[in-house]
Amino acid sequence: MKRFFFYSQLYGAYLANTVKSRMAYRADFWVGFTANLMIQLIGVLFITSLTARIPQIRGWGRHEILFIFGIAQAVFGLFNVLFTNLFELSGRYILEGGFDRVLLRPLGSYFQVVTERIDLEDLPGVLLGLLMAGYAAGKLHLDPTPGRVALVALALANGCAIYAAVFTALAGLTFWFRDRGSIASVVLMLEGFARYPATIFGKWLQSVLTWVVPFAFAAFYPSAWLLRKPGSGTMVVLAPLAALAAALVAAAVWRRGVRRYESAGS
Amino acid sequence: MPIIEAHSLSKHFKRFRRRPGLVGAVKDLWHRTYEVVRAVDGIDLSVERGEIIGYIGPNGAGKSTTIKMLTGILVPTAGSLAVQGLVPHKDRYRHVRTIGVVFGQRTQLWWDIAVIEAFNLLQKIYEIPRDEYRQRLKKFNQVLGLEDLLNIPVRKLSLGQRMRCDLAASLLHNPAILFLDEPTIGLDVAVKASIRDFIRETNRQQGTTVILTTHDLSDIEELCSRVIMIDAGKLIYDGGLRELKERVDIPRRLLVETIFPINASKMMLLLKDYRLGITALDPYRWELSFSKGRVNLPQLMQLLLDTLEVRDLELEEPAIEEIVRQIYDRGAPGDAR
């Protein structure tokens with residue numbers, strides 16, 4: 001408990017520093033923020049115009065698809081805000097030796113890598129996603145009861161954990177293979193699929209998204225349950241277990257990887 | 001009890017051997033050959049509290065790899081290592097609380113934030129009591145002249161400024177051991193001097209043990225009483241600086257300048273009883289080279305002063321670079337513990 005308090009306090013201090021250093025370059029920040037907003041808006045535009053023309057895909061109605069897309073966008077956005085530095089792990093930390101500094105501080109190495117950069121510029125993704133989901137929910141007459149809001153919040157946290165675990169494990173492979181995250185970019189493609197109802201894809205892709213790279217648990221299964229889809233009860237229960245399993249794999253990769261760390265020649 | 005103790009400490013890396021050319025690169029895709037690089041190969045170390053040790057050797061000798069094992073960054077391949085009774089990589093948190101590390105090549109501070117913010121963050125990370133922190137910061141500000149730097153982001157500092165900040169940062173938590181890897185690389189003379197003074201004072205006042213790697217042998221001459229030399233992963237010398245200078249057979253040079261020109265045969269005849277290399281730079285200036293200990297220097301100088309009209313005498317002390325080179329040329333002088 002004392003440890004938890006200590007780390008929370010430090011997280012606050014790191015966060016304050018991130019904000020300060022970003023604000024020192026206010027123009028940069030707003031350019032990044034706006035660019036991000038545009039990217040996310042294009043995504044919204046794409047999905048709304050797509051669903052306007054195709055009102056139904058394999059039993060999924062227009063607003064149901066929008067709802068799932070919105071939740072998925074919010075989850076991935078949150079992951080990007082909090083864990084963006086995982087994408088720097090291969091290059092800046094492992095291959096270029098920045099991990100040396102991390103190992104010289106009396107703090108958890110994972111905590112430091114994740115905390116050293118927090119990407120506030122990705123916040124528009126979270127906000128737009130939630131707005132879209134809220135709009136779709138309204139059209140579907142899903143009232144924002146406390147229970148539903150709580151479940152969305154849980155889904156956000158759980159989904160964020162799933163993405164974090166998967167990308168931690170992938171980036172951690174750099175401890176073994178000197179690769180600048182090309183596997184991670186392949187898996188990043190899968191994230192695009194995870195924004196749609198998984199059942200519209202073929203069986204194999206659906207299985208991959210469920211059992212191999214469990215992105216479907218991040219947004220799709222919890223959303224399906226909120227949308228009262230038959231058979232979604234089991235999967236929503238499995239969602240935290242999927243996150244836990246992914247986290248255990250990631251932790252094992254991390255622990256073994258750090259022992260293999262070779263630093264960079266000076 | 002020694003503060004650092006290592007027995008047959010080794011670090012081996014498996015390196016992929018690239019074949020040359022495009023054809024080689026394609027072949028490498030299918031079949032790879034590896035070689036084992038013995039970066040550090042069975043070294044024994046024993047360091048006492050309060051020592052300042054110069055750890056030297058040519059590029060790629062294994063200096064940085066050793067430091068990285070001692071600081072807990074790298075896990076040794078073989079051998080045993082205890083720093084203040086802890087195994088660095090196993091007991092990382094407790095270990096790093098008691099050491100300070102400065103790498104000359106790369107800052108330990110956060111790139112984007114101002115120096116003072118970085119210091120404040122370190123105060124929280126190491127849980128340094130506030131009063132202690134304030135006092136120490138005040139002192140470092142004075143001694144290293146940091147006042148004007150505190151509000152500048154680390155990435156905007158010049159090399160010398162950054163080095164001073166890094167050094168201060170490494171000592172905020174008052175570590176028992178300070179590791180310095182090339183702390184003066186690329187710095188001008190004035191900054192070098194202030195950094196050396198600071199290291200010396202810290203060692204004297206706090207009893208901080210210092211392990212220093214450097215290419216600048218004047219760092220060693222000014223700071224270290226003990227020198228450890230490594231080459232190709234093995235220790236080739238461990239002992240006092242003065243003993244090292246005396247042990248190794250280094251040519252010394254005596255420059256003699258005379259008022260009147262002297263011809264070569266006269267010089268040869270005069271010095272025939274001495275084992276000297278004699279070179280005429282011009283008829284007025286002569287360079288006499290000899291091995292230390294083989295020639296009675298006062299007697300030689302007396303003879304020169306008595307027989308020639310000497311304008312000037314200049315004795316060149318051996319540079320440490322030369323000692324290092326000679327040890328490498330000759331192999332172990334027999335003192336590697």
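Student: How do H6(B) and H7(B) lie, roughly parallel or roughly perpendicular to each other?
Tutor: This is a predicted model, where local features need pLDDT of at least 70, side-chain atom pairs count only at pLDDT 80 or more, and totals for chains, interfaces and linings use all residues. Residues are numbered from 1 along each chain as its sequence is written, while chains are lettered from A and ligands numbered from 1 in the order in which they are written. Helix H6 (residues 159-171) of chain B and helix H7 (residues 189-206) of chain B pack at about 10°, taken between N-to-C directions on a scale from 0 to 180 degrees, with axes fitted to C-alpha atoms over the stretch in contact. Under 35 degrees counts as roughly parallel, over 145 as roughly antiparallel, 65 to 115 as roughly perpendicular and the rest as oblique, so H6(B) and H7(B) are roughly parallel.

Student: Which residues of H7(B) does H6(B) meet?
Tutor: Helices (H or I, at least four residues) and strands (E, at least two) are DSSP runs, numbered from the N terminus; the axes of these two helices are 10 Å apart. A contact needs C-beta atoms, placed from the backbone, within 7 Å. From H6(B), Gly160(B), Met163(B), Leu167(B) and Leu171(B) meet Val191(B), Ile195(B), Phe198(B) and Thr202(B).

Student: How many residues of strand S3 of chain B are buried?
Tutor: Buried takes 20 or more other C-beta atoms within 10 Å of a residue's own, exposed 12 or fewer, and partly exposed lies in between, with C-beta atoms placed from the backbone. Ile52(B), Gly54(B) and Ile56(B) are buried on one side, and Ile53(B) and Tyr55(B) on the other. For S3(B) (residues 52-56), that count is five of five.

Student: What is the bridge partner of Ile56(B) in S8(B)?
Tutor: Strands pair if DSSP finds at least two bridges between them. S3(B) runs parallel to S7(B) (residues 209-213), with four bridges, and Tyr55(B) is partnered there by Thr213(B). Four bridges also join S3(B) to S8(B) (residues 226-231), again parallel. In S8(B), Ile56(B) has as its partner Met229(B).

Student: Which strands sit at the edges of the open sheet in chain B?
Tutor: Four strands form this antiparallel sheet in the order S11-S12-S10-S13. Seven bridges join S10(B) (residues 251-258) to S12(B) (residues 285-291), and Glu257(B) is partnered by Arg285(B). Pairing on one side only are S11 (277-282) and S13 (310-316).

Student: How far apart are the centres of domain 1 and domain 2 of chain B?
Tutor: The bounds, from an automatic or database domain assignment, are 49-246 for domain 1 and 251-317 for domain 2. Taken over C-alpha atoms, the separation of their centres is 45 Å.

Terms used: Contact = placed C-beta atoms within 7 Å.
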